[in-house]
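Let's go through this one by asking what each label rests on. Have a look first, then we'll start with a helix lying on strands.

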Amino acid sequence: MVHILMLSDTAGEAAEVLPSLELLTHRTSTRPTGAGAAALAETGAEVVLIDARQALVTAKNTAQLLRAAGAQAPVLAVMGEGGLAAVSANWSIDDFVLAAAGPAELDARLRFAGERTEEEPVRETVIRSGAVTIDEASYVARVNGQPLNLTFKEFELLKFLAQNSGRVFTRVQLLSEVWGYDYYGGTRTVDVHIRRLRAKLGNDHEQLITTVRNVGYSFAAGSS
C-alpha cells in the first residue's frame, strides 16, 4: 500500500480527481495545491499527485517548486485529455495519468514511477555558463558568485534558455515553454522579460542572451 498526497484546489477528496483511487487500497491525503512541499513533509506521503485537469500552469509550477524544495517522492500530474499537448520535460514530473484511467493502469503508473525514482541517480541541478550559474534546487541565479534578484518567471526564462544553449526560440515558443500554452498574454511579455534579464545580468554579461532578427532569442554559452 502506498501513501498518496493529492494536491488539488477543487476537490476535497482524492477520488474526486481520480475516481480509480476508490478501487485501490492505497492511503490518500488531500491538500490545497499551494501547500506543496509543506504538505509532503507533514503527511510523509510516498507519491504526489497534482491535479492538472484545469489549472495547467499552476500544476506545472507546483511540480517545479516541489523539485526545487528537494522533494524526492515521485510526482505525477493528473490530466484531462485536453491538457496533454501542454506536458513537456520541463514540468519536472515523473509521469502523468489521465483522470479517467482505470485502476490497473493507475496502479501500474504508481509502481513504475516509484521504481524509476529509486533507480535514477541524483542529477546535477546547477547550470553553468561562464560567470553565470543557475541553481535549480535553490532557485538562485548568480553572476560571478553574486545572486541576481530575479522574479520567478525571469528565473524560469533564464533557466530554459541556458538549458537549451545555442538554440533559437521564437517568442511564441518561449511563451508556451515558460508561461504555459494557456497563457493569453501577448508576445511582448517575452520582450519585457528579456530586457529585464539583460539589465540584471549587467553590461558584461547581457550579450549572453542574443536576439536573432526576425526569429527570436537564444542563449550563447559562455566560456568556462
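Q: What makes α5 a helix that lies across strands, and at what angle does it run to β7?
A: α5 lies across β6, β7 and β8, at about 110 degrees to β7. Helices (H or I, at least four residues) and strands (E, at least two) are DSSP runs, numbered from the N terminus. The angle is taken between N-to-C directions on a scale from 0 to 180 degrees, with axes as lines fitted to C-alpha atoms, for helices over the stretch in contact.

Q: What kind of model is this, and how are its residues numbered?
A: This is a predicted model, in which local features need pLDDT of at least 70 and side-chain atom pairs count only at pLDDT 80 or more, while totals for chains, interfaces and linings use all residues. Residues are numbered from 1 along each chain as its sequence is written, and side-chain values use heavy atoms, with hydrogens and water left out.

Q: How do you know which strands β6 and β9 leave without a neighbour on one side, and why are they called edges?
A: The open sheet here has 4 strands in the order β6-β7-β8-β9, with antiparallel pairing. β6 (126-129) and β9 (146-147) each have a single partner strand, so one side of each has no neighbour in the sheet, and they stand at the edges.

Q: What makes β7 and β8 a pair?
A: Two strands pair if DSSP finds at least two bridges between them. β7 (residues 132-135) and β8 (residues 140-143) are joined by 4 bridges and run antiparallel. For T133, the bridge partner in β8 is R142.

Q: How do you describe the packing of α5 and α6?
A: Two packed helices are described by the angle between their axes and the distance between the axes. For α5 (residues 152-163) and α6 (residues 171-179), that gives about 115 degrees, with the axes 10 Å apart.

Q: Which residues make the contact of α5 with α6?
A: On the α5 side they are K153, E156, L157, F160 and L161, and these meet L174, E177, V178 and W179 in α6. Contact means heavy atoms within 4.5 Å.

Q: How many residues of that contact are nonpolar, polar or charged?
A: There are 6 nonpolar, no polar and 3 charged. The classes work like this: Ala, Val, Leu, Ile, Met, Phe, Trp, Tyr, Cys and Pro count as nonpolar, Asp, Glu, Lys and Arg as charged, and the others, Gly among them, as polar.

Q: What is the order of the 5 strands in the parallel sheet, and which are its edge strands?
A: The order is β2-β1-β3-β4-β5, in an open sheet with parallel pairing. β2 and β5 (95-98) are the edge strands, each pairing on one side only. On average, neighbouring strands of this sheet are turned by 25 degrees against each other, direction ignored.

Q: How do you know that β1 is paired with both β2 and β3?
A: Count the bridges: 5 join β1 to β2 (residues 27-31), and 4 join β1 to β3 (residues 47-51). Both pairings are parallel.

Q: What makes β1 count as mostly covered?
A: Buried means under 20% relative accessible area, exposed over 50%, and partly exposed in between (1.4 Å probe, protein chains only). In β1 (residues 3-7), 5 of its 5 residues are buried. H3, L5 and L7 point one way, I4 and M6 the other way, and all are buried.

Q: How do you know whether the radius of gyration agrees with a compact globule?
A: The globule rule is 2.2 Å times the number of residues to the power 0.38, with the radius taken over C-alpha atoms. For 224 residues a compact globule would come out near 17 Å, and the chain has 19 Å, which agrees.
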